Amino acid sequence: MTSADAQTGFRSRSRQAIEAFLQSVVVLDDRPEMPTSHGPVADSATVSLTEPGYPQSTTPADPATDRDPAGGPLDAAAVIAGFADIGSVCAVLSAARSPEFRARAVKAARRADIVVLDWTIEGTVGDEALAILQEILKSDDQGQRLRLIAVYTQGPDLNTIRDRVQGAIDPFHEGHDVKLDGFRLSKGPLHIVVLAKEGIASSSPELGIPTATDGGLANRLVEEFALMTGGLLWNAAIAGIATVRDNAHRILAKFEKGLDPAYLGHRLMLPHPPDAQEHVEEALGAEIVSVIEEHQPGSHANLEAIGAWLTLREAEGLRLSEPFSFESSRDSVDAWCELLLGGVDAPGVALPPNVGKAALRKRATEPFVGDQEAAKRSDRGFAALLSLKTRYPGRVPRLTIGTVLRTGEPNEREYFLCLQPKCDSVRLDTLTGFPLAPLIPLETAEVGGSGEDLRLIVEPEPDQWEHFGIETKPSDLTIRFFEPNSTQRGGEVLASRDGVGFYFADDHGKQYWWIAEMKDEHALRVAGEVASALARPGPNDSEWLRRARGPRE
């Protein structure tokens, strides 16, 4: 299979998920027009990321505006129709140099999956466009929002535009480096592509400047979204979110106003009425989970999708024969798919020759990424995804079961896992003791062995991982007392914030910094181990009777 065929196979899957996901697009353009008629909208076959075949205008640019005189206004009808064909709603706003327009643009961008930004606005060449771009990013930065922005321009010098855009985004998403790929820029969750309208002049035609027609803009940006997000887990997540969006009105119908009296009666009878608010949240979460389970977005990461992904990665240069190789007569993709079907422990599964199960388990991720360090990064990220909650903006951490804490200076730090049950973390009206299990820091070099000691990994800073074991012996637990500082749902111990992060202060003023929160089922498992140790009866048996029971497995 050629590289182009491999790209088509997996990216067509990505495109299917993305088209179901994309709902809204905002275009901010200096000169939009709604012609009474226009030509047919370009289909996806006219859009290519690998061989664009970009035509060049021979008309010199106007130095006063940096525009190509051959370029016309935006054909808004063609743009809107192109997005309608893939099931997305597109709003075209006439760009104006005014505070009102900036505020309106930022507000619209908050709801938009894609933002298209004209480079020239009311006579300014890039200045107003970059100001709007930065305002949009200011509203995104706290939440680390995934964002695709296209700068769609008639300006002939895309190199300068790209460089100015890079300078404008530099203050955002600290901790991430800007990655350049031609006229694509990425920084953390932010992705920007500089697109030229077909027919413009280019100062550097040898660079393969990306272009699009007004009618083909939708298809082009779907492809850009696929390049930005395309992956097995990406596709599953995008499909899941699309499912929730598509069923939003079904979910809303479950909470119809006829249930309001019952809610009030329920609240009236509760020992602590504010708990009813949390019950509503749990019911809403359960409905969303039911929708996702019904539509099974995980099928976007099934074995067939894995085969397409492996084929694409191999075409892009990944050596699937390293560090473990199958016989030369076997296709690497087929061999790995067969192994991935049943797993390492499946009876009769064909392992790579001269490789034991223990070695394969220890380096199971490496064949699919290329080197050990990249495999470790991937393993850590996936472990965190499954075991840790994400703190979204607006949710102040509270002290409860699963809260991971840190105290002290770098050379004197202690780490703890809070094991206070949820029901004992609310409705507090006085100083309350919280049991904390010590965490044992592990050196990175120790990770990757038997795995018996490693129980928890957290990422306090981007790509700065910390590894821990957990002490579950009751004698190792420590009790610290905290004063509740919230009355929203009865008393809770909520974190305070300074310039560094969130922290809790105990009754002696000692600060415990919040660094992560385990998912409930993982934290409850640790609590169960502590409870099991507490429940050991240790009776005095007759030695004759004890020996008569025989050996235990």
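Tyr-263, His-266 and Arg-267 of helix H9 are in contact with Ala-276, Gln-277, His-279 and Val-280 of helix H10, where contact means heavy atoms within 4.5 Å. Before I continue, please note that this is a predicted model, in which local features need pLDDT of at least 70, side-chain atom pairs count only at pLDDT 80 or more, and totals for chains, interfaces and linings use all residues. Residues are numbered from 1 along each chain as its sequence is written, and side-chain values use heavy atoms, with hydrogens and water left out. Helices (H or I, at least four residues) and strands (E, at least two) are DSSP runs, numbered from the N terminus.

H9 covers residues 260-269 and H10 covers residues 275-295; they pack at an angle of about 135°, with their axes 9 Å apart. Axes here are lines fitted to C-alpha atoms, for helices over the stretch in contact, and angles run from 0 to 180 degrees between N-to-C directions. The two helices are therefore oblique to each other, since angles under 35 degrees count as roughly parallel, over 145 as roughly antiparallel, 65 to 115 as roughly perpendicular and the rest as oblique.

I turn next to the strands. E16 (residues 456-461) pairs with E17 (residues 464-470) in the antiparallel sense over 4 bridges; pairing requires that DSSP finds at least two bridges. Opposite Leu-456 stands Phe-468 of E17. The hairpin has 2 residues between its strands, and Asp-463 adopts a positive phi near 60°.

Finally, the loops. Asn-354, although not a glycine, has a positive phi of about 65°; Asn-354 sits in the loop between H12 and helix H13 (357-362).
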